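Open the model in your viewer and keep the sequence panel beside it. This tour tells you what to select next and what you will find there.

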Amino acid sequence: MSISPLTRDNDAAATSTGQPKAVWAVAFASIIAFMGIGLVDPILKPIGEQLNASPSQVSLLFTSYMAVTGVAMLVTGVVSSRFGAKKTLLSGLAIIIVFAALAGMSGTIGEIIGFRAGWGLGNALFIATALATIVGAATGGVAKAIILYEAALGIGIATGPLLGGVLGGISWRGPFFGVSVLMAVAFVAIVVLLPELPKPARPTSVSAPFKALRHRGLLTVSLTALLYNFGFFTLLAYTPFPLDMGTYAIGFIFFGWGVMLAVASVFLAPKLQARFGTLPMMGLSLGLFAADLAIMALFAEHKIALIVGVVVAGLFLGVNNTLITEAVMISAPVERSTASAAYSFVRFAGGAAAPWVAGKLGEHSISLPFWLGAACTAAGVTVLFLGRGTLAHIDDHDPAPHSVEEAQALTVGD
């Protein structure tokens, strides 16, 4: 997705930090949107206890959210290219406001699952458009705008579980209402501060992502992501149950995970890539994540082992997410936005299935979900190894400057 930068008559609209207020309004909304990824972690167990729901039923909060987000990512480009970025942003925010509030007012687990699905639709509309909006409104060029956006991504992912723990300590309904209120503030800010942005010259095609998957390089990377997402969302959606700790404790544990993920994405990944290459580091980081999950399976009844396993996993996932995102961008001779949409759709299939499967297995054995996550992640390494020939050009490719589509792919990947 690309949008021409706005023409600015003067710099009066810019804040003292050098960016227009409109940019900070969208960045603030982005932080809140990204919080939604891990926000429910600390309240999974309280929801199950108070609504008499099993772990697999509660895990469907992730499944419905991820499934709808993944499918919707195929059409958000079509929507924004026809109706404009501002209208798409506001539509996404409005949907999140309504469905987050409805989730907070729910009386059954089925209602929350359904409302989380609606939340996923709103989130897809928002995150698919937010980056292009920041790029179009920011000063200082695309690179600085993307750094700002990725900073919002890191802050949101890291603080989501923390906010969920604090508000969840009051009531499991608190995080849902909190998001609804914060998004309402963001909605007003964008209405007031963000001008209309020009639409893309050429509307986006719905069929393009499916055609892109005919390229074996892109398909290899996408299938790798699908498989390791079983491990990723087993960690995210299932681990709070065997930890069996309070909302504050769970929030702080996953806050540590989010911080490690953000640090590894921004600082470690580029250095490791430059020294060892993209494909070798992807394989190593996924192999280490699989080993981490296997250790968690072996010591599933020891909370210290699970806590350390969760936090350390952030390092492996942060490195992999950054490198696999760049691999997606140059894995096939298609537009980057098209590659991003195809990759996101396939990857979210793993994210949608894993929480329910992990919860179901966990009802029979505390360690089985971790074993499955480890096995699927190891299978992802195997797929990457077998398809390395279709990706041989990646390490011959000089790392390109950050692009809009690369940062967008990193968003939906995380």
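Is Lys360 buried, exposed or partly exposed? Select Lys360 and show its side chain: with a relative accessible area of 37%, Lys360 is partly exposed. The cut-offs explain the label, because buried means under 20% and exposed means over 50%, with partly exposed in between. Keep in mind throughout that this is a predicted model.

**Stop 1**

Side chains of opposite charge can pair when their charged atoms come close.

Zoom out and colour by secondary structure. The protein chain has 16 helices and 0 strands. Of its 414 residues, 58% are buried. The chain exposes about 15400 Å², and carbon and sulfur atoms supply 69% of that area. Among contacts with a separation of 6 or more, 87% are between residues 24 or more positions apart.

**Stop 2: a network of salt bridges**

Select Lys45, Glu49 and Asp244, which are linked in a network of salt bridges. Begin with Glu49 and Lys45, where the closest N and O atoms are 4.0 Å apart. Both residues lie in helix α2, residues 44–50. They are 4 residues apart, about one turn of the helix. Glu49 is exposed, at 53% relative accessible area, while Lys45 counts as partly exposed at 21%.

Now look from Lys45 to Asp244. Their side chains meet in a salt bridge with an N to O distance of 3.5 Å. Asp244 is partly exposed, with a relative accessible area of 43%.

**Stop 3**

Most residues other than glycine have a negative phi.

Next select Asn52, in the loop between α2 and α3 (55–83). Asn52 is not a glycine either, and it has a positive phi of about 55°. At 72% relative accessibility, Asn52 counts as exposed.

**Stop 3**

Leaving out residues up to four places away in sequence, Leu218 touches Ala212, Leu213, Val328, Ser331, Ala332, Ala339, Ala342 and Tyr343.

**Stop 4: a buried threonine**

Select Thr322, which lies in helix α13, residues 303–329. Thr322 is buried because its relative accessible area is 15%, and the cut-off for buried is under 20%. Show Ser265 as well: the backbone oxygen of Ser265 lies 3.1 Å from a polar atom of the Thr322 side chain.

**Stop 5: a nonpolar patch on the surface**

Select Ile295, Leu298, Phe299, Leu368 and Trp371. Together they form a nonpolar patch on the surface, with about 480 Å² of accessible area. Which helices each supply at least two residues of the patch? They are α12 (278–298) and α15 (368–386).

Pick out Leu298, which lies in helix α12. Is Leu298 buried or exposed? Leu298 is exposed, with a relative accessible area of 57%.

Methods: Residues numbered from 1 in each chain as written. Predicted model: local features only at pLDDT ≥ 70, side-chain atom pairs only at ≥ 80, totals over all residues. Heavy atoms only, no water. Patch = residues over 30% accessible without salt bridge, like charges linked within 9 Å, V, L, I, M, F, W, Y side chains within 5 Å. Areas by Shrake-Rupley, 256 points an atom, 1.4 Å probe, with all protein chains shown as cover. Buried < 20%, exposed > 50% of the residue type's maximum accessible area, 1.4 Å probe, protein only. Contact = heavy atoms within 4.5 Å. Polar contact = N/O pair within 3.5 Å; in protein donor to acceptor, adjacent residues only side chain to side chain.
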